Amino acid sequence: MSAIDKAGSATNDDEGPLLEEATLRRLERLSLSVRSVSDAVGGRPGIRRVPAADFIDHRPYSPGDDRRHIDWHAAARHDGILVKVGRVPQAADVHLLIDRSPSVSAWPAKWRQLRRVAAALGWMALSGGDRLAAHAFPALDPRREGWSQAVGAGQARRWLAWLSTLRGAPSRRTLLSPAIRDLQSRSGPGGLLVILTDAWLDEDIDRVLAVRQGRWNLLLCTVLDRSEWDPEWSGPVMLQDSESGLTMELDLNPADQTAYRQQLLRRYEQIAALARSRGHIHVLISSDTPLETALVPYLQLQAALRR
Amino acid sequence: MTPQLALPWALGLLAVLPAILWLHRRRQPARRILVPSLGPWRIFDQVPSPSRRQFAGGWLLIAHLLAGLGLAVGASGLRLTRPGGPLAIILDASLSMGAAGRWDEAREAVNRLAAGREGPISLIILDERPRVLVRRSAEAGALDAATRDLPAPSGPETSGAPDLAGALSQAASLVADGDIVVVSDGALDLPALGATGSEVARISLLRIGAAVDNWGIIAVRLSRFDGTPQLFVKMAGRAASAERRRLRITADGRLLTDVLLPLPTAGEHQILLPLVGAETVSRLTVSLAGQDALPADDVWVLDAPMAGRPVQLVGASARLTRMLAGWPDLRVLPTGPGRMFAAENLALSIIAGGAPLGPWPSGPILFIGGEGATDTAQPLVWRGDLPPWLPHPGLPGLWVRSQALAGAEAPMSLATAGDRSVASLRVRDGRRIVTLALDPDAPELSVSRSWPRLLRWSIDLAMSGHQEALGQPSDAFKADDARARETDLHRLGRGWTETAPATSRITWPAPWRLAAALALGALLADGLLRGRRPARRAGAVPPTTAGP
């Protein structure tokens, strides 16, 4: 036995591809739903009404409008020239913030599950024509270490390869809000922000969820290792924080384990409630939950995905 | 009963208690678990429960603290129960106790013994004449007050062997069935318990000091033999290596002899020196040159060495008494017939008639007279084959009236008159017994000039001796050895039950101390072994896991 046991170190990182081919095919049929979109035009229907072939309504012609959208029949029935307006498919900006701190990366199953979720979301975004950017934190140089923005299904394989090579980073403090601020300063006016983390941060989760609503839709995916939920050890132990190194001596009995689980559940309930109050979506994923049963049905329930 | 600490400084061992706490802080649980975050576990910091919030170490820590406390208190000599009963302390005040701080150590030991005792305590000073300094005192500070100003033994005047038997006898009369502790540096033979007057007192020795390198003069005797004074000097001691030291003899400040002596590493050395012209000196000083641990025993002073040696005269006529009293180096103590001193400090007992009521004197004896004296005098004839070591007395023309020897026991006949042996010598128990079987009051002797010379020759023969005659070198002066000055030769005497200061001042049971010491040793070993893998302190060390 090593000097320090890790809670739940059952699998290694080299278990094959993050997503199987069958899973990829299934994900291709899904698309992300974005409740608000930017001005950019892409392959996703926008809410803003602009001159378009997909007729919804008329409006008076204004200089600069495409003449091909003039409804001559309507112009004949009315006094003025009317232009057909409709929703134009637009591309969404999808940003993934991937937590690679020791509290995640030191647990292979948890680390792999987090990357599987990231891979699935990224694959769906690229397949749906959205612009995908990914940022791993903590990072010494976020501009270089992240996945630069890319569009199109042709980038999907490269995205999977990048995720497969992503490694954990040592850190004594895990701060997410600086990464979010950096992302917002560098990115466009808004988009979908997906945060993949275990939510063990060295800051108040409230600060993380205080992302400007309306321009950014936030999906908070918290990944939990099975051993975190069901600690298998008891008796006198010394617990050591994987990041800060702080230690704590305990003499655990079954009643303590129950109290611990209740405390853990209470914490995630608080995170979920806080996310809902801010208009965000929170997903809790365990390390041993199948991707289809954990991610897809929940996103369907949240109306985040549509077939 | 008030608690007392024999060694208060030993309470400094209480410093092990913080050390124990520190070692327990270093202790690590059997398993270290790396968790993503201590966050959810913090509830156990805020909600203590008896099963979980016990101090790290728990009962083991309590056991260690108790062990440390027990060790400190036990070593400090906390007296929970004090032994009772009368106690007599015999403090050796012989010369060697003045060496190398032994006297202060002895006084401290006396006070420690007294501090740990309930019941009457007596203190007896042991020297040539033992005396009771404190008699059955129940006051705690009585011994301290009595010994505070007691001078350390020093100087050549402190001579003579300590009378241990007398001291024990006095102690036994004070304690009855109590305890007698002799505080000494050890060169004392325990006399038979019967000599102490008590068969039930428990006698033990509390030994003071350690053996040191020292040579000393333990016996000096100036005797006259065949008209020439001879000085006998006996030394004893030990040293790390054999050495050569000078022996100087001065008479009234005038150097008589300076001899270089080869002294062995340990044991005794004796020398016999003729001292011509020493008869008239008033003070003879014998000194051993050089330095050692006890300078006081390097000097021996004899005042009026040739005068005043006590000789008891038993049953002698007035004429014989006057004649013997005329010699200046003899202090004649005439006694009546049948009355005799058995004292050991007599140089000679001249018995001219009668027998003792008690034991015979232990020193040399000169018998004069016998039974059935002849009516006519006969010439004294010396044996032709006298031993070469025996100076021929000469004495021509001496006529004597011989008498029958009383209780002759294979004597060595020296001279005859007629068919009777008149002068004879025998050695019994290391002492010389000379017999002149003649009538000392015969009229022809009153006008003879040879008779006083024969008498003096016989006295010198009895009071001195030669190794050729006696077989053992030290036997010649065995009587003097009994009075020899005790010096720094500290082989432990015979017959003692030694006691240690610890047993008398610490009543904490030894198994407790042993158990406490073992527990502490185990803790230290455990702490050191675990110390090879030091625990992280909060926030002091970065995490060891860098991720996959």
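**View 1. Strand 9 of chain A is largely enclosed by the rest of the structure, because seven of its seven residues (191-197) are buried.** The model shown is predicted. A residue counts as buried if 20 or more other C-beta atoms lie within 10 Å of its own. Each of the seven residues of strand 9 of chain A falls in that class.

**View 2. Strand 6 (residues 93-99) of chain A pairs with strand 9 of chain A.** The two strands run parallel. Five bridges join them. Val94(A) has Leu192(A) as its bridge partner in strand 9 of chain A. Ile98(A) is partnered by Leu196(A).

**View 3. Strand 9 of chain A also pairs with strand 10 (residues 216-224) of chain A.** Seven bridges link these two strands. Here too the strands run parallel. Find Ile195(A) in this view: its bridge partner in strand 10 of chain A is Leu220(A).

**View 4. Six strands of chain A build an open sheet.** The strand order is 8-7-6-9-10-13, and the pairing is mixed. Strand 8 (147-151) and strand 13 (281-286) of chain A stand at the edges. Each has a single partner strand, so one side of each is left without a neighbour in the sheet. From one strand to the next, the twist averages 15°. In a regular strand, side chains alternate between the two faces of the sheet.

**View 5. Helix 10 (residues 254-277) of chain A lies across strand 10 and strand 13 of chain A.** Helix 10 of chain A runs at about 155° to strand 13 of chain A. Strand 13 of chain A is one of the two edge strands of the sheet.

**View 6. Helix 1 (residues 21-28) of chain A packs with helix 4 (residues 108-127) of chain A.** Two packed helices are described by the angle between their axes and the distance between the axes. For helix 1 and helix 4 of chain A, the angle is about 50° and the axes are 9 Å apart. The two helices are therefore oblique to each other. Helix 1 of chain A passes helix 4 of chain A in a right-handed crossing.

**View 7. Residues from helix 1 and helix 4 of chain A meet at their contact.** Helix 1 of chain A brings Leu24(A), Leu27(A) and Glu28(A). Helix 4 of chain A brings Ala120(A), Trp123(A), Met124(A) and Ser127(A). By class, the contact has five nonpolar, one polar and one charged residues.

Note on methods: Residues numbered from 1 in each chain as written. Chains lettered and ligands numbered in written order. Predicted model: local features only at pLDDT ≥ 70, side-chain atom pairs only at ≥ 80, totals over all residues. Buried ≥ 20, exposed ≤ 12 C-beta atoms within 10 Å, placed from the backbone. Helix = DSSP H or I, 4+ residues; strand = E, 2+ residues; numbered from the N terminus. Pairing = 2+ DSSP bridges. Axes fitted to C-alpha atoms, helices over the stretch in contact; angles between N-to-C directions. Parallel < 35°, antiparallel > 145°, perpendicular 65-115°, else oblique. Left-handed = near helix turned anticlockwise from the far one by under 90°. Contact = placed C-beta atoms within 7 Å. Nonpolar A, V, L, I, M, F, W, Y, C, P; charged D, E, K, R; others polar.
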